[in-house]
Amino acid sequence: MGFGPLESQYTRMRIMLTRPTSALILLILDACIWLQRTDVVDYRNRVQDIPSQFIYDVYDFVVIGGGSAGAAAAARLSEVCDWNVLLLEAGTDESFLSDLPYLYPALQKGPLDWQFETEPNERFCQGMRGNRCSWPRGKVLGGSSVLNAMMYVRGHPEDYDEWARFGNRGWSWQDVLPYFVKMENVRDPNIAGRPYHGTTGPMTVELIRNRSALQPMFLQAAQELGMKLADEVNGPDQLVFAPLHGSIRDGLRCSTAKAYLRPIGNRKNLHISMNSMVERILIDPKDRRAYGVVFRKGNRRQFVLVTKEIVLSAGALNSPHLLMLSGVGPRDQLQRHGIRVIHELPGVGQNLQDHVAAGGGVFLIQNPTGSAPLSIRLVEVNEVSVARDFLFRNQGRLLSMPSCEVMGFINTKYNKPGSRRGDVQIFMSAQSDISDGGTEGQAGAGLTYEYYARNFESWVYHDSFLIMPLLMHPESRGWLELPSANPMDKIKIYPNYFAVERDLDILVEGLKFGVRVAETSVMRKINATFIYDAEHGDTCNGQVGDAFFKCLIQHYSQTIYHPSGTAKMGPATDPMAVVDDQLRVHGIGGLRVVDASIMPKITTGNTNAPTIMIAERAADLIKYAHLPALAREEHYRQCASIDYQYHPSTSNTVTKVIKSSKKVP
């Protein structure tokens with residue numbers, strides 16, 4: 001295929017002309033939700049922002065960050081009636097559109113997204129603008145649980161046993177499983193009765209609805225390749241392929257804001273302040289104890305003092321950033337920007353890990369004669385009937401998941417022989433980079449118009465599916481760097497993907513698995529063809545075999561929202577550890593970190609569920625530290641608690657059930 005500037009300009013013009021139409025459709029849909037879907041609007045239970053003038057001068061606890069971990073931690077701490085808790089969130093409340101699973105890519109690069117980008121590196125993200133990978137992170141109440149793809153994966157038991165072997169007592173699989181059970185409200189009857197799942201917790205877990213005709217074909221293809229099929233990937237065996245479970249309630253997104261905060265919105269001892277950008281944690285340099293927080297709400301800078309503890313839950317990027325701005329971190333970085341070193345912790349911002357994925361695994365297909373399209377294309381989703389299905393019947397394509405319908409884990413030849421913990425996660429999706437013509441996917445991934453034109457333009461809106469492999473256990477480690485002493489300047493991100501060649505080799509095997517899927521008998525019936533085996537451009541200059549796959553991965557390197565490890569948990573004997581096994585910052589009193597940054601090693605699979613589990617466990621650690629046993633029991637005997645379940649008979653309207661019986665944490 002000939003390629004030149006004209007093709008790139010055509011792609012740019014086509015996408016730019018399409019986006020206003022898509023934006024208009026979203027605006028109309030948003031207005032229709034306001035008029036028709038009172039359960040999504042949920043006006044009576046939406047979190048109310050506390051005005052500046054009503055914020056106390058002193059709180060028992062301040063939680064920084066209202067995301068996946070922070071929302072859960074604040075809700076659990078406020079269960080103690082005598083404790084006043086302030087939750088500070090830099091963003092706003094979640095939008096109506098964020099409830100719709102299909103629309104999650106449209107939320108990226110918008111006002112609910114911090115819009116982070118990595119520093120340029122020629123080893124990866126070569127197809128992105130400026131060689132920078134886009135790293136979406138939620139700047140919204142509920143955090144990245146409002147922006148992510150809602151995939152519910154708890155990780156492998158060996159992940160947590162490994163954490164314990166690193167010297168972190170109380171974090172083995174046996175220790176953390178009760179917290180997964182505690183947080184879950186599993187509604188899939190096929191798995192809800194199993195002893196390792198919960199049905200009374202805040203986080204609703206359901207099967208993704210409105211699955212495409214390709215889903216059974218994905219499962220059949222995996223089975224044909226010798227993979228085991230199961231009901232879920234959170235069972236005893238993770239080396240399986242299964243339909244996707246998500247943090248979903250009645251087909252809609254269940255963020256931690258919806259799960260943990262809306263049911264307790266009338267709790268008098270919990271104040272939630274949105275649009276509140278924390279600038280610094282106040283730490284006494286003499287006794288090295290955190291005693292307050294400085295934050296900006298609108299044009300007003302405010303100071304809040306803390307009598308017990310500060311819980312830092314700003315995420316794997318912003319938590320280390322705030323530690324450094326507050327004088328805790330690598331000495332050289334702090335001194336470079338004139339920040340007083342209160343306590344040197346060289347591990348702050350180090351040990352950065354992510355599940356890097358290989359994008360571009362697009363496979364063209366042909367629909368059987370006379371049948372409806374097998375895949376999901378934007379042109380069909382934009383039809384009025386699809387909006388009508390959602391608005392009046394709570395069904396249809398807007399409840400489907402664009403990035404994955406079937407999930408599985410595999411072992412490559414690089415994994416330990418006989419390992420039960422896969423080294424590659426596989427997403428199988430009935431929608432690909434060409435399904436939306438680049439309207440959302442191209443911008444969300446940060447691809448250049450030239451790269452999109454060269455590789456995908458010839459096939460836009462063609463029926464296709466996507467196989468995306470994710471690297472589970474990277475050996476490469478990245479880091480964060482402080483850009484300045486100004487809290488408004490975003491942290492510099494160096495993911496350092498593929499610094500260890502083995503990481504790249506493992507992802508190559510993941511792409512090869514995708515090609516084998518297309519070669520199965522079930523996929524040959526629909527003429528599944530790897531897009532790069534059809535007519536395509538010369539991005540990789542005619543390379544073939546493993547060299548081509550490596551080139552493809554290095555051009556289309558993609559994050560899956562899983563940054564972690566940047567304030568890792570470990571004993572004081574580990575010079576790079578930032579928090580101990582109680583999540584207390586080494587050398588600093590009254591300060592804990594509670595989010596994915598504490599993971600010493602990234603878990604196997606999506607990290608949102610493990611992050612919420614960390615918050616659940618942290619809340620109990622804090623309660624046990626500040627409440628004697630008798631006081632804990634007295635609190636749960638006398639203080640009315642909220643049943644966090646949303647009952648199906650009331651749709652998405654909260655039903656508050658006051659429990660009079662004693663509830664032990």
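Domain bounds here come from an automatic or database domain assignment. I keep in mind that this is a predicted model.

Entry 1: The contact takes 35 residues from domain 1 and 34 residues from domain 2.

**Entry 2: what they bury.** I then checked the area: domain 1 and domain 2 bury about 2,800 Å² between them, with 55% of it on carbon and sulfur atoms. On the domain 1 side, Leu317, Ile602 and Thr604 lose the most area to domain 2, together 19% of what that side buries.

**Entry 3: charges and polar pairs.** I counted five salt bridges between the domains, along with 19 residue pairs in polar contact. Helix α4 (residues 157–165) supplies the largest share of the domain 1 side that touches domain 2, three residues. I also looked at Arg421, which forms a salt bridge with Glu158; their closest N and O atoms are 3.6 Å apart.

**Entry 4: the core.** The largest nonpolar core has 203 residues, and Phe390 is one of those with the most contacts inside it. Helix α14 (residues 501–518) gives this core its largest share, nine residues. Each of domain 1 and domain 2 contributes at least three residues to this core.

**Entry 5: around Phe390.** Back to Phe390: in helix α11 (384–393), I find Phe390 buried, as are Val386, Asp389 and Leu391. Beyond its sequence neighbours within four places, Phe390 is in contact with residues including Leu29, Ile33, Val40 and Leu252. What covers the buried residues of α11 includes α1 and β11. Asn394 follows α11 with a positive phi, near 50 degrees.

How values were computed. Residues are numbered from 1 along each chain as its sequence is written. This is a predicted model: local features need pLDDT of at least 70, side-chain atom pairs count only at pLDDT 80 or more; totals for chains, interfaces and linings use all residues. Side-chain values use heavy atoms; hydrogens and water are left out. Buried means under 20% relative accessible area, exposed over 50%, partly exposed in between (1.4 Å probe, protein chains only). Helices (H or I, at least four residues) and strands (E, at least two) are DSSP runs, numbered from the N terminus. Contact means heavy atoms within 4.5 Å. A nonpolar core is a set of buried Ala, Val, Leu, Ile, Met, Phe, Trp, Tyr and Cys residues joined through side-chain atoms within 4.5 Å. Buried area is the accessible area (1.4 Å probe) that two parts lose on being put together, summed over both. A salt bridge is a side-chain nitrogen of Lys or Arg within 4 Å of a carboxyl oxygen of Asp or Glu. A polar contact is a pair of N or O atoms within 3.5 Å; within protein, one must be able to donate a hydrogen and the other to accept it, and residues adjacent in sequence count only if both atoms are side-chain atoms.
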